[in-house]
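Welcome! Take a moment to look over the chain below, and then we will walk through it together.

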Amino acid sequence: MYRIGELASQCDIKADTLRFYEKHGLLAPSSRSESGYRLYTKEDAARLRFILRAKTVGFTLNEISELLSIELDKANWACADVKGMVDNKLEQVESKIIELTQFANSLQSLSNACCGGPDSAEHCSILEALESEDKQLNAKNEIAHKGHHHASK
């Protein structure tokens, strides 16, 4: 049996993280000592490691909860169910990567359009691009501002 601090330290997390997982129904101590300390078994420790590994690959607490319920009732689930969850998560991650790449490209275009000089920001191409009515910050728009970035006051 492990006390909360021992299990937390063994898994390189804080005791508060264990309490958080308990509060969200992912992990519960198997018992409590006479003085009220949470006591965890080897099975609890294995469950915690499962939770931490699932978190490491990007699953949310709700998704981890679903994975745990499958883990506890494997006979009534198909491998395809678990693969479906993983494929869905992968699709979400790939979509997020595309979105972040678009953010990075837009930010790079904004950065490239500005000289970054010490003059007043009254004619800053970045601010002008952000103020513009254009829905999309494209390179052509920023290049148009390039020759005009920090005009004299």
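## The chain at a glance

Of the 153 residues in the protein chain, 27% are buried, where buried means under 20% relative accessible area, exposed over 50% and partly exposed in between (1.4 Å probe, protein chains only). This is a predicted model, in which local features need pLDDT of at least 70 and side-chain atom pairs count only at pLDDT 80 or more, while totals for chains, interfaces and linings use all residues. Residues are numbered from 1 along each chain as its sequence is written, and side-chain values use heavy atoms, with hydrogens and water left out.

You will find seven helices and three strands in the protein chain; these are DSSP runs numbered from the N terminus, helices being H or I with at least four residues and strands E with at least two. Following the sequence, the pattern reads β-α-α-β-β-α-α-α-α-α. Of the contacts (heavy atoms within 4.5 Å) between residues at least 6 apart in sequence, 50% join residues at least 24 apart.

## Two helices side by side

How do the axes of helix H4 and helix H5 cross? The axes of H4 (residues 61-72) and H5 (residues 79-113) come within 11 Å and cross at roughly 165°; axes are lines fitted to C-alpha atoms, for helices over the stretch in contact, and angles run from 0 to 180 degrees between N-to-C directions. H4 and H5 are therefore roughly antiparallel to each other, a label for angles over 145 degrees.

On the H4 side, the contact is made by Glu63, Glu66, Leu67 and Ile70, and on the H5 side by Val82, Met85, Lys89 and Gln92. These residues divide into four nonpolar, one polar and three charged. Here Ala, Val, Leu, Ile, Met, Phe, Trp, Tyr, Cys and Pro count as nonpolar, Asp, Glu, Lys and Arg as charged, and the others, Gly among them, as polar.

## Cysteines without a bond

How many disulfides does the structure hold? The count is zero, a disulfide being a pair of cysteine sulfur atoms within 2.5 Å. For Cys114, the closest cysteine sulfur is in Cys124, 4.1 Å away and too far for a bond. Cys114 is buried at 17% relative accessibility, and Cys11 is buried with a relative accessible area of 14%.

Asp12 lies in the loop between helix H1 (4-10) and helix H2 (15-23). Although Asp12 is not a glycine, it has a positive phi of about 60°. Its relative accessibility of 71% makes Asp12 exposed.

Ala129, in helix H6 (residues 125-131), is buried with a relative accessible area of 2%. Its C-alpha atom is separated by 9.4 Å from that of Ala113, 16 residues apart along the chain.

Note on methods. Parallel < 35°, antiparallel > 145°, perpendicular 65-115°, else oblique.
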